[in-house]
Every structure is written in C-alpha cells, then in structure tokens.
Amino acid sequence: MGRDPDLLDDMLDFYAPAAKRIVDVCCNRRKMWKGTRWGGKVVGYDINPEVLPDVVSGWHELPDKDSTVDVLCYDPPHLPAAAATQASLKQYVTDYGLEQTCGGDNVAALHLPFLVEAKRVLRPDGLIFAKIKDYIHNHRYQWNLEYFNAAVRAVGLTPCDLIIKRDPCGGNLKSGRWKTAHHAKNCHCYWVVVRNGRCEPRKVSSENVPDQVTRRGARR
Ligand SMILES: C[S@@+](CC[C@H](N)C(=O)[O-])C[C@H]1O[C@@H](n2cnc3c(N)ncnc32)[C@H](O)[C@@H]1O
C-alpha cells in the first residue's frame, strides 16, 4: 500500500543495491522518481521530446551498448489508443503517453520490442522493474500481466517477483460511459521484477546483498 516513489526506493535497496547504470526507458516527467533517494542516479529516456527526457529515444532502439545496464525501469502507457477520445484531457494524454500507445484493445503489442532490447542491453542478472496494469476495455478484461509475462519468457528473460501495489491515490481505469458494472472496481497495479538470468542471481557476492536482507531473503 503506498506510492511509487517509496516503492522504487525499496525495490532498488532490496533487489539492486549495487546498481550503477539505471535507465528509465519511458520516464515522462519523472513523477514516480520525485523525492526518491535513487532518482538522481536514474537516466531518463522517452520517445516524446515534449516531456524533456535526458535522451529522446524509443525503447525499441536503446542507445546503450550490449550488457551494460543494471536496471531498466518500464512504465508504458497502460491504455490503447482507442481508450483516449478527443475529449480526453491533453494533460492526461501527455502524462500517460496516450499519443505514443498502440491500437487494438490492449497494450500487449508494446512489450515485445522493448523486451528484445532489454535482453540486449542488460548485464547478466540485470533487472527490469515493470509497472503493469490490467483494465477493462471493449467489454473485456484485458490481462496485461499475462501478456507481459508471456513476452518476457518469449525473449528468454525470467519474471521473478510480483508486487501488487495498492495506491491511496490510484485511479480506477474505466470508461465514464459505463452504465452497468460487471467487473470489480480496483486501485491496484503490478510491479513485475524481471531478471536477465534465472529467478535468483547466480552468484551472490557480499557486494550485492543489502544489509537489511537476511540470507533467507526476508527483511529484518
Ligand atoms: C505512463 S507514462 C510514464 C510515466 C512516468 N513513469 C512518470 O513517472 O511520469 C508512459 C510514457 O511512455 C512513453 N512512451 C510510449 N511509447 C514509447 C516508446 N516506444 N519508447 C519510449 N517511450 C515511450 C510516453 O511518451 C510516456 O511518457
């Protein structure tokens, strides 16, 4: 239960305390890094120059060399283009990248091009932190978590942890045109931890074990 900035600090402390090269591949205006301890070490890319990223770049052609990145952060648009109407607020469209999303009823098509590049640029045992949201569109529950994990496995990466985050300010992604609800209201999203390797790092050296983590992986 909480906000992304607090969770991201905890995730980096826990999974990647020795990370040096951290790239957010779709940083937008970096809202989720606001006030974090790690934010100053994160390089931000985005395909939209309007949001003033450090580097204007699509996640399907990252400028990084092979096997050089410790952590990639991925928070793609969570809705397909059809979910944004001309009446959508411009701010909403810019903040959530609805001009850079895809067609169809879900955003499954976004994942594979990113994951192919992620596989290339991540160091062995490097990580992806992916924010994934399921939602209802076109009278169907769109199982984005399943689409994402399937694409992760297809490129030879390993989904190795799942955090379900409830946000006190979390929106309920549904159309205002609904008259009858057939699906439960929700205010959660998933943070999936993906590793370029097995579920757990191959060689655990004292360098990448945080103080607060015991050998069994539990926090004191
Ligand atoms: C949900 S927003 C990210 C919000 C961000 N995490 C924050 O804290 O403000 C999604 C972002 O993905 C970007 N985007 C969409 N397609 C992209 C692509 N192919 N490559 C890079 N960025 C992309 C959009 O421009 C948008 O800024």
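**Group meeting: a predicted model with a ligand**

L52 is found in the loop that runs between strand 2 (42-46) and strand 3 (55-56).

Is L52 buried or exposed? It is exposed, because its relative accessible area of 69% is over the 50% cut-off.

D125 sits in strand 5, which covers residues 122-132. Its relative accessibility is 22%, so D125 counts as partly exposed.

Now the overall layout. The protein chain has four helices and nine strands. Along the sequence the order is α-β-β-β-β-α-α-β-β-β-α-β-β. The protein chain has 220 residues, and 46% of them count as buried. Take the contacts between residues at least 6 apart in sequence: 70% of these join residues at least 24 apart. The accessible surface of the protein chain is about 12200 Å². Carbon and sulfur atoms account for 52% of that surface.

Next, the ligand. How many residues surround it? The count is 21. The closest are N28, M32, D46, W59 and D75. By class, the shell holds nine nonpolar, six polar and six charged residues.

The side chain of N28 has an N or O atom 2.7 Å from an oxygen atom of the ligand. For D46, an N or O atom of the side chain lies 2.6 Å from a ligand oxygen. D75 works with a nitrogen atom of the ligand: a polar side-chain atom of D75 is 2.7 Å from it.

On to the interior. In soluble globular proteins, nonpolar side chains tend to be buried together. Here, the largest nonpolar core has 33 residues. Within this core, V25, L72, Y74, F114, L115, I128 and F148 touch the most other members. Helix 3 gives the most, with five residues.

Look at I128 as an example. Setting aside residues up to four places away in sequence, I128 touches L72, Y74, F114, L115, A118, L122, L157, V192, V193 and V194. There is also a second, separate core of 20 residues. Its members include M11, L12, V42 and C189.

Helix 3 deserves a moment. Its buried residues are L110, H111, F114, L115, E117, A118 and V121. The cover over these buried residues includes strand 4, strand 5 and helix 4.

R120 is in helix 3 too. Which residues does R120 contact, apart from neighbours within four places in sequence? L62, D64, K65, D66 and S67. The side chain of R120 makes polar approaches to backbone. It reaches the backbone oxygen of L62 at 3.1 Å. A polar atom of the R120 side chain also lies 3.0 Å from the backbone oxygen of D64. One more distance: R120 and N196 are 76 residues apart along the chain, and their C-alpha atoms are separated by 9.4 Å.

Last residue. D9 is in helix 1, residues 4-15. Is D9 buried or exposed? Its relative accessibility is 8%, so D9 counts as buried. Beyond residues up to four places away in sequence, D9 touches T36, R37 and W38.

Notes: Residues are numbered from 1 along each chain as its sequence is written. This is a predicted model: local features need pLDDT of at least 70, side-chain atom pairs count only at pLDDT 80 or more; totals for chains, interfaces and linings use all residues. Side-chain values use heavy atoms; hydrogens and water are left out. A residue is near a molecule or strand if one of its heavy atoms lies within 4 Å of it. A polar contact is a pair of N or O atoms within 3.5 Å; within protein, one must be able to donate a hydrogen and the other to accept it, and residues adjacent in sequence count only if both atoms are side-chain atoms. Ala, Val, Leu, Ile, Met, Phe, Trp, Tyr, Cys and Pro count as nonpolar, Asp, Glu, Lys and Arg as charged, and the others, Gly among them, as polar. Helices (H or I, at least four residues) and strands (E, at least two) are DSSP runs, numbered from the N terminus. Buried means under 20% relative accessible area, exposed over 50%, partly exposed in between (1.4 Å probe, protein chains only). Contact means heavy atoms within 4.5 Å. Accessible areas come from the Shrake-Rupley method with a 1.4 Å probe; for residues, only the protein chains shown count as cover. A nonpolar core is a set of buried Ala, Val, Leu, Ile, Met, Phe, Trp, Tyr and Cys residues joined through side-chain atoms within 4.5 Å.
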